[in-house]
Amino acid sequence: FWYNFDSWREFSYLDEEEKEKAECRDERRWIEKQNRAGRSLRKKEEMNRIRTLVDNSYSCDPRIKKFKEEERAKKEAEKKAKVEAKRKEQEEKERQRQAELEMARLAKEKEEEEARQQTLLMKKEKDIQKKAIKKERQKLRTTCKNWNYFSDNESESVKMMEEVEKLCDRLELASLQCLNEALTSTTKDEGKAAVLKQIEQVNEQVRRENEEAEARMRQATKSSEKSTSGSVSGSKNWSEDDLQ
């Protein structure tokens, strides 16, 4: 309030010249101008004096000092609160980022562990199946050998041995198990019939595979010949005149 205080004093009583004593209008205007300048200067001095008095009062008043200190402390507290809030916000963002990274790491480790366990399980199952197939093959060989490969003729026995080896190479585990079970609970003649039936099926499968392979080879050959003939037909046929 006091810094915006406008004094009601106009200092007209301190005018050095009286305009009533002027002899003409121009002189009266000059006197008024001089008086206004003097009043303005005194007004300015008056306001400076009041402001100086107010400054001294503010600087000496303990209530004002306390108010300013409280205001300064309040601003500093607000500033610190903003800084602290920003710091906590950044820490929260960093915590969330680290949590997401940790979750991603754990998920990746879990996925890798599951894949590793799956690989180990598949390897274990493969080893078990490999051992089982080896066991069933050996069992089939032993059974056929004990029955002299179902023949007293040496050449026929050798031929049957080759066919049995083909069965060992071509048959899956389930087929080998079924065949061995059939041979275990049957006579020699019935066992021979079961083996011959299985040999016939395997040979038929081999024949079909060979035919399919030959068909694919013929198709590939035709495609190659067609491509080659197309390239040749696309080239220019030179006449005898062109060659000369």
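In which helix does Ala-194 lie? Ala-194 belongs to helix H5, which takes in residues 188-234, where helices (H or I, at least four residues) are DSSP runs numbered from the N terminus. The model is a predicted one, in which local features need pLDDT of at least 70 and side-chain atom pairs count only at pLDDT 80 or more, while totals for chains, interfaces and linings use all residues. Residues are numbered from 1 along each chain as its sequence is written, and side-chain values use heavy atoms, with hydrogens and water left out.

With a relative accessible area of 24%, Ala-194 is partly exposed, a class that falls between buried (under 20% relative accessible area) and exposed (over 50%), as judged with a 1.4 Å probe on protein chains only. The C-alpha atom of Ala-194 is separated by 9.9 Å from that of Asn-180, and the two residues are 14 apart along the chain.

Asn-180 is one of the buried residues of helix H4, together with Leu-173, Leu-176, Leu-179 and Leu-183. These residues lie on the same side of H4 because they cover an arc of only 130° around the axis, the arc being that of the directions from the helix axis to the C-beta atoms. The face turned away from this buried side carries the exposed residues Cys-178 and Glu-181, and Cys-178 has 52% relative accessibility.

Turning to the cysteines, the structure holds zero disulfides, a disulfide being a pair of cysteine sulfur atoms within 2.5 Å. Cys-168 is buried at 0% relative accessibility, and its sulfur is too far for a bond because the closest cysteine sulfur, in Cys-144, is 7.7 Å away.

Conventions
Helix = DSSP H or I, 4+ residues; strand = E, 2+ residues; numbered from the N terminus.
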